[in-house]
Every structure is written in C-alpha cells, then in structure tokens.
Amino acid sequence: MRSEFGERLSVSLVGESHGEYVEATLVGFPRGISVDFDALSRTMDRRRGGGALATPRRESDEPLFLSGISDGVTTGEPITVRILNQNMRSGDYGFCDTPRPSHADYTAQMRYGSGIDLRGGGHFSARLTAPLVAIGELARQALSLRGISVGAHLEAVGGVSEGRFSPVFLTKDELLSPGKKDFPTLDDRKGEEMRREIRSAAESGDSVGGIIECGAIGLPAGIGSPLGRGLENLLAGAIFVLGGVRGIEFGEGFSACAMRGSEHNDPYCIRDGEIATETNHAGGIVGGISNGMPILFRVAMKPTASIAREQRTVSLSDKKETTVKVGGRHDPCIALRAVPCVEAIASIVLLEAILETEEDGK
Ligand SMILES: Cc1cc2nc3c(=O)[nH]c(=O)nc-3n(C[C@H](O)[C@H](O)[C@H](O)COP(=O)(O)O)c2cc1C
C-alpha cells in the first residue's frame, strides 16, 4: 500500500490506527531551518483538541523525529517523524465482515483483501493526520521565514455558517486568530452556534458536516506552474489525502458560474506602489500561478460516517443484508479537527511550489 503525495517535496504516510505507530517521511525539505518545538507542540494540540466535541480517543501525540533534524536544525536529509499509538481499544471494532456505510471498510477489502488491518479504520483512520500535521508545521515554519502565513477557520457546521476571510485585505492577525482559539472560528457567537449544532448531532447518535476556509498571505506573484503542476492542482490533489473531503473550491468557486465576467474579473490596480487586484474572486491563483493576492480556498467535509445508530449493511461472508451498530470513539464533526490538517497540507504544498519555482527559474 502506498500513501504518498508531492514530487519536489514529497510526503509518505505509514501505519494504522491500531498498529504500534503512525509515521510520516518528508523528502526534499530545506536544510538549516531551526525548528520551533513549542510551536510544533501547540499545533499538535490543535489537531488533538475538540474537547467534548471530538473523539474521546486521547493520546499524547508526541512527535519523535527519527531522522533529518540534528540539534533542533533540519539537515536536508529526509525527515521521518513517528507518533506512537497508545490508546487503542481494538475490541471496539469487530465489523470488517459488516462494513460501515460510507467508511472505507468495504472498498479497502475489495482493493487489498480481507487480511488488511482495518481495526479502528486501519490506514484509512484520521490517526495518520497526526504525523501529517507534524511535518506540515515544519513547512509552515519554513514559509514563515519567507514572510508567508497560512491559516484556516471553520466556516460552517451543518446549517450554521460565519463570514469568510477578507479576500483582499486579509491581515496576519485575522488569518491566524481562529487557530489561537479553542474553537477555530472568526466569530465567537457563530462558534457557539456551531458547537450547539455538533452537540445536538452527537446527542442524537448522528454526525454533521462542515466547511473549512483556508488562506495564505505573503506569497509573491509568480509561484506555481501551468496545467498539471498548477497551484490548484497541487492543493486539490493533496487536500483529498484527508479522509472525509468532498470538495474544494478556489476563490469564488462554484458561485463564479452565476456571475458575469464583468463582476468576476479582478481588475488590476496599483496599491501602495505594488501591483495588486481590486477584488480577489480568483482566490489569488490565475493560470495555476499566484498573483500576489491572498490565496483562498474552501474545503467541504462530509458528516462523519461512523454514527452511533443502527445502519443497514451486508455481511461480506454470507452475502446477506444485515445491520451494523458502530462502537468505538468518533468525531461527531470531522471538519472541526480537520482545520489544522488543512493548514498542514496547504503549507506543504505552497512550500513545494516555491521550491519548484525557484529551481525552475524564469
Ligand atoms: C481529522 C479527521 C478525523 C476523522 N474522524 C473520523 C471518525 O471519528 N470516524 C469516522 O468514521 N471517520 C472519521 N474521519 C473520516 C474518515 O477518515 C474517512 O471518512 C474515511 O477514511 C473514508 O474516506 P472518504 O470519506 O474520503 O471516502 C476523520 C477524518 C479526519 C480528517
């Protein structure tokens, strides 16, 4: 089984939910970067967080760097980070014969056979996002040295939504403020409503979906490549590494279809002596290449597949219809914990595009 993405900066993920550890290897990361381990541990806490609104599976998630960092500084060699699994309850899951609807239990067995380790979702579990977030934080720190910031917020949960990032005048403060809160919204009142939405879904043994908006500022114009290596291509491909993603849209996205060109076009202007655009319907990317405006995209997350209700399924061994009631510990809203995961992926992809652009020359 191969779980990899990226070329100039590549990531591979290893491990299963109930194996001994989960691990990520990052190849192509620049040498000489001093790692801020306090910031790393704050980011790991954000992925783990969620309190009463997230899975009760709790682990320390301390990243162990096996290679590529010496005396706190990156060496340019592949960086491998391992996180031990400490809180497995394999008894929770005895349902590989009766696949959970809308999880990967059935498709994974069709692809890899019935011997595959699917305890706790196996390799398809969100446990794999722990090392992903750790290496994403390294990428974020490398970007920050170049004056680039990446942040995200939970824009919607079920039917409750808040405003979006300022498309043109997005500041570092606005971009990073949701990540400093327990609940990553721009508007705390809307955050309260979203919490209620998650609680109410969980209380009825159900789950709820959501939207994450991610932004990056400080990326100069001219980063990226056309066609297959465009920024949208790289971001979209990598964002789908996250389980539960149903869609991604850049800038105005699908709503651009209902606009006229005269409304949707972003006129160029000179702002503070620099070339800019008056509006940012493109989300900072044109022709696969950054235009110097904030990069903005939104990620649609489905409601968690594992819900605490009896659901219809089949027995794979006797090919009969039956039901399954999912035990175990699950997130009632994946989108909440996916916020730092989206930031991690965006950081890795933007760093890759910068390295690729620099090496490519003009
Ligand atoms: C941060 C995060 C947490 C998740 N937690 C759960 C969970 O508790 N239960 C669950 O059924 N799926 C969870 N998922 C989603 C599954 O991993 C995903 O639905 C599954 O792998 C099938 O992939 P697909 O939905 O992309 O088709 C989570 C995903 C992420 C990114």
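## Ligand shell

How do the residues of the shell around the ligand divide into nonpolar, polar and charged? In this predicted model, the shell comprises nine nonpolar, nine polar and three charged residues. A126, G243, G244, S306 and H330 come nearest of the 21 residues around the ligand, and helix α8, spanning residues 334-360, supplies the largest share of the shell, with four residues.

## Sheet and strand pairing

An open sheet is formed by five strands, whose order is β9-β8-β10-β16-β11 and whose pairing is antiparallel. Because β9 (160-161) and β11 (245-250) stand at the edges, each with a single partner strand, one side of each is left without a neighbour in the sheet.

Within this sheet, strand β8 (residues 149-157) and strand β10 (residues 210-217) run antiparallel and are joined by eight bridges; V150 stands opposite A216 in β10.

## Helices across the sheet

Helix α8 lies across β8, β10 and β16, and runs at about 150° to β8. Helix α6 (residues 231-239), for its part, lies across β11 and β16 (295-301), running at about 160° to β11.

In soluble globular proteins, nonpolar side chains tend to be buried together. Here the largest nonpolar core has 82 residues, and I135, I212, V342 and L350 are those with the most contacts inside it. The largest share of this core, 16 residues, comes from α8.

When neighbours within four places in sequence are left aside, V342 is in contact with A152, I212, C214, I239 and V299; one of these, I212, is also listed with V342 among the core residues with the most contacts.

Definitions and conventions. Residues are numbered from 1 along each chain as its sequence is written. This is a predicted model: local features need pLDDT of at least 70, side-chain atom pairs count only at pLDDT 80 or more; totals for chains, interfaces and linings use all residues. A residue is near a molecule or strand if its C-beta atom, placed from the backbone, lies within 6 Å of it. Helices (H or I, at least four residues) and strands (E, at least two) are DSSP runs, numbered from the N terminus. Ala, Val, Leu, Ile, Met, Phe, Trp, Tyr, Cys and Pro count as nonpolar, Asp, Glu, Lys and Arg as charged, and the others, Gly among them, as polar. A nonpolar core is a set of buried Ala, Val, Leu, Ile, Met, Phe, Trp, Tyr and Cys residues joined through C-beta atoms within 7 Å. A residue is buried if 20 or more other C-beta atoms lie within 10 Å of its own, exposed if 12 or fewer, and partly exposed in between; C-beta atoms are placed from the backbone. Two residues are in contact if their C-beta atoms, placed from the backbone, lie within 7 Å. Two strands pair if DSSP finds at least two bridges between them. Axes are lines fitted to C-alpha atoms, for helices over the stretch in contact, and angles run from 0 to 180 degrees between N-to-C directions.
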